[in-house]
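User: I would like to go through this model with you, question by question, before I plan any reading around it. Could we begin with the terms and then turn to particular places?

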Amino acid sequence: MPIRQMKENSEQHLVIKNHLQNTMNPVQRAPKTAQNGKGPPAAHEPQNTKQPHNQASPPTKNRGRRRGRGGRKSDQGDVCMRPSSRPCTVAHKPVTPASGDIVASTSNGFTQNGYTLSGMETGFPTSSKSLNFAPRPGYGQVGTKCIVKANHFFAELPDKDLNQYDVTITPEVASRMVNRAIMSELVRLYKESDLGMRLPAYDGRKSLYTAGELPFAWKEFTIKLVDEEDGINGPKREREYKVVIKFVARANLYHLGQFLAGKRADAPQEALQILDIVLRELSTKRYCPIGRSFFSPNIRAPQRLGDGLESWCGFYQSIRPTQMGLSLNIDMASAAFIEPLPVIEFVAQLLGKDVLSRPLSDSDRVKIKKALRGVKVEVTHRGNVRRKYRVSGLTSQPTRELVFPVDDNSTMKSVVEYFLEMYGFIIQHTHLPCLQVGNQRKANYLPMEACKIVEGQRYTKRLNERQITALLKVTCQRPRDREHDILQTVQHNAYDQDPYAKEFGIKISEKLASVEARILPAPWLKYHETGKEKDCLPQVGQWNMMNKKMINGMTVSRWACINFSRSVQESVARGFCNELAQMCQVSGMEFNPEPVIPIYSARPEQVERALKHVYHSSTNKTKGKELELLLAILPDNNGSLYGDLKRICETDLGLISQCCLTKHVFKISKQYLANVALKINVKMGGRNTVLLDAISCRIPLVSDIPTIIFGADVTHPENGEDSSPSIAAVVASQDWPEVTKYAGLVCAQAHRQELIQDLYKTWQDPVRGTVSGGMIRDLLVSFRKATGQKPLRIIFYRDGVSEGQFYQVLLYELDAIRKACASLEPNYQPPVTFIVVQKRHHTRLFANNHRDRSSTDKSGNILPGTVVDSKICHPTEFDFYLCSHAGIQGTSRPAHYHVLWDENNFTADGIQSLTNNLCYTYARCTRSISVVPPAYYAHLAAFRARFYMEPEMQENSSTGGGTGHTKGTRAAGESGVRPLPALKENVKRVMFYC
């Protein structure tokens, strides 16, 4: 890329003039001084922007398509950058649109600097049929090359025809297990005759797959099965099923081969699904399948988690299309299972007391009923007959009072008598209730002491803190141990001996994939000029605040403190507040050492009264000036106190608060105080640090023109909560060129809805007519107010989307972004880059040699900045794995970034370096974090907003409609979701969720 360099002095600009034909924006490499650690790059050094010779050039066939999607090219027109001064001002000069449209400024208040973007058609497709994700523009070159190992095992593509058959079983069966039992019996009886020696793979529902054709296109079989799950009365019955197998289609493996070779863009999902089912078939018979994982008590001895639960070890398995061909992704997994205990023992563990001697209270009964509803039990009072039942409830009376009709004449018999007469079983603990099993219409009672919990039932409800800690202990493995267990699992699964893999001609390697990786350099960070250290180069993903001052330290003149902890005396609380105030000052803030009013002590249950008292007393004392900060000391176990405090402060009083736990107040550590000071500063609207490259305007495709970076996430209610709403959060940078401060908005939406509903919306106002709003629009407007510029480029990091939802989310949310922009000004369509961030995947990266200390961090994990964009990544699309953080314990999980849409024409190096560098700007600690900060902030904001739901709404469901950041924007009930209370204006503007 040609550079016109003027001789530098304080008056001159560095002008980068890009050719319009040039479609790549090469990464501006950091000067050598940034790499060797001798000092930060000087702001006036010329940039080396030459294209690396070995950079793979991007496919050009798609450039026109990308450009035509409604955005100007990011590199058009002369863009002036002033590297040595703080504001990266955009020259007051029209941007030349690609299409040569004549640009006129509009009188709309959103127009900035006398120019608008060209009026291009957005041309965004309305269906996924015409939508192609961004292709890979080449491979990254920046960073130190190294080799890592990945838990991907090469799978050789079979050369056999794969055939799909439709299976119809009558009478219809709901259970996959029963379906599989029927099909196993069919294969056992007919494999050598009617099935022509074929060994089919079955998905447990409607599809059967074979390698090569069956001797028929349609056939009906009759299968007899002894019913294990039979009803309550009588001996086990033999059930008869009709099974019809009918040819449907042949799966095309040529298409799959072409896709893996990068010659086709669309993945043949059917072929991949068949291969996945084939490789799961044997494990499904051997182990307990749950989702994509398999568990067994025999893989490793189960560990007790408490309250009648235990952890089972297992493995995750999935076949994936990658650049190296088909790959089998194997990872270790753990899950909570209900311990197969006698029910009485389970109940004793659950309640944590002896249940044999004392009667149960009502709350005990509720707890037992909740825990056992839906759980399968087997009877133990009938010798070898171990019939199984599902628990539907608990009797309200004790066993000794229970009677039931034994015939049509309503002859009553007690449960105690019945069990004695029928089975010779004497019920010992008649004070305990009975389990109700089967359906509710016909009462069926089983004494607790005659039942045992069936093995292999996963616990799907919420775990308590103790159980989570115990489960994490089991799952937390050092990288070399995890790698060893993964290899052992692959060997134990012996895919070369697997009859199904053999039948279909699938061969699996037993070696971890060796992958080329690069370690991206850490960015230089800028601190305040008055500190001893004005800038800093992090080492192995971390640094500290010693000798540094925040780049924009805020002033706190008016603050108060509430002490909700009985064990903290006033003198201790005062000492803690003094230490914290000092730390804030040392870190670069101005912090009044004295509170507005003396520290106020209150009981947790009076949180609202206490907050309002302190708020009003402070306001009176300061003659109407608002309190700027509230410190709160909370008990270590504070139940709903934290959430209630945040809800009242942020949606009712408009107060910024900082909570501190009792244990930290007693044990005052400098590190803790320094971290709290960082949080307070950003909550007050300050900045702790910024990227040196940002203030010297050297970040490609961010520093050249005003750029806004969004982060978005949706958090869903936990399992077992059937109706509470999902919560969406969107944050957006409010400063440019620093891109460090993020304002956040939240809204409630329909239960488990993944698409963010309130990105853009319109509604009818009786006076103003049709009104536009929504989170994107509001954040664009607040960026304009904060910076005086309008965003000319959008980078959107979207968290929490699974692969199956990529099309849907991109179509819906990109459309919402477009509409939000267009609603602000005609023809306002800044180019968008839309990136999905995934943490819930099973790819793990290991050092090539665990003994080589220079290639790992202290925890034995790969070094921060490790990026992989080849071999285990998508054959054609623009994705990469980035481990941006240093491990603390366990095995680091790299974040997976998938660029779905890119109108800014990022290079691989451009987006990888930007993402890695942003990970060093997280406000709450002096470490690089594992996922890009805007996505993390959105997650924090969404999590915070759960506390805003009224207590009854958190428990039950929700009614009404709207969002948490706008009042009266929607008629109640329109969306079926009660709106969150509105955030106060002063809270919205700052990083309150930190």
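Analyst: One definition is needed at the outset: a residue is called buried under 20% relative accessible area and exposed over 50%, with partly exposed for what lies in between. Please keep in mind throughout that this is a predicted model.

User: With those cut-offs, which class does Tyr190 fall into?

Analyst: The relative accessibility of Tyr190 is 23%. Since buried means under 20% and exposed means over 50%, a value in between belongs to the middle class. Tyr190 therefore counts as partly exposed.

User: What kind of aromatic pair do Tyr190 and Phe221 form?

Analyst: The ring centres of Tyr190 and Phe221 are 5.0 Å apart, and their planes make an angle of 55°. Planes under 30 degrees apart would count as stacked and those over 60 as edge-to-face, so the rest of the range has its own name. The pair of Tyr190 and Phe221 is accordingly described as tilted.

User: How many residues apart in sequence are the parts that this pair ties together?

Analyst: Tyr190 belongs to helix α3, residues 176-190, whereas Phe221 belongs to strand β8, residues 218-226. Phe221 is buried, because its relative accessibility is 3%. The pair thus ties together parts whose separation in sequence is 31 residues.

User: Turning to the sheet, which strands stand at its edges?

Analyst: The open sheet is formed by 11 strands with mixed pairing, in the order β35-β34-β33-β38-β39-β43-β42-β41-β23-β3-β40. Each edge strand has a single partner, so one side of it is left without a neighbour in the sheet. From one strand to the next, the twist averages 30°. The strands at the edges are β35 and β40.

User: Within β43, which residue is the bridge partner of Phe878?

Analyst: Strand β42, residues 878-883, and strand β43, residues 895-902, run antiparallel and are joined by 5 bridges. For Phe878, the bridge partner in β43 is Val899.

User: What angle does the direction of helix α20 make with that of β42?

Analyst: Helix α20, residues 908-918, packs on the sheet, and the strands it touches include β23, β33, β35, β42 and β43. Its direction makes an angle with that of β42 of about 35°.

User: Is Thr740 buried or exposed?

Analyst: Thr740 lies in the loop between β34, residues 726-733, and β35, residues 742-749, where its side chain reaches the backbone oxygen of Glu738 at 2.9 Å. Leaving aside residues up to four places away in sequence, Thr740 touches Arg687, Thr689, Val690, Asp735, Thr921 and Met991. With a relative accessibility of 7%, Thr740 counts as buried.

User: Which residue does a cis peptide bond join to Pro737?

Analyst: Pro737 is placed in the loop between β34 and β35. The cis peptide bond has an omega of about 15°, and the residue it joins to Pro737 is Trp736.

User: Where is Lys871, and what is its relative accessible area?

Analyst: Lys871 is found in the loop between β41 and β42, and it has a positive phi of about 60° although it is not a glycine. Lys871 is partly exposed, because its relative accessible area is 31%.

Conventions:
Residues numbered from 1 in each chain as written. Predicted model: local features only at pLDDT ≥ 70, side-chain atom pairs only at ≥ 80, totals over all residues. Heavy atoms only, no water. Helix = DSSP H or I, 4+ residues; strand = E, 2+ residues; numbered from the N terminus. Buried < 20%, exposed > 50% of the residue type's maximum accessible area, 1.4 Å probe, protein only. Polar contact = N/O pair within 3.5 Å; in protein donor to acceptor, adjacent residues only side chain to side chain. Contact = heavy atoms within 4.5 Å. Pairing = 2+ DSSP bridges. Axes fitted to C-alpha atoms, helices over the stretch in contact; angles between N-to-C directions. Phe/Tyr/Trp six-rings, centres within 6.5 Å; stacked < 30°, edge-to-face > 60°.
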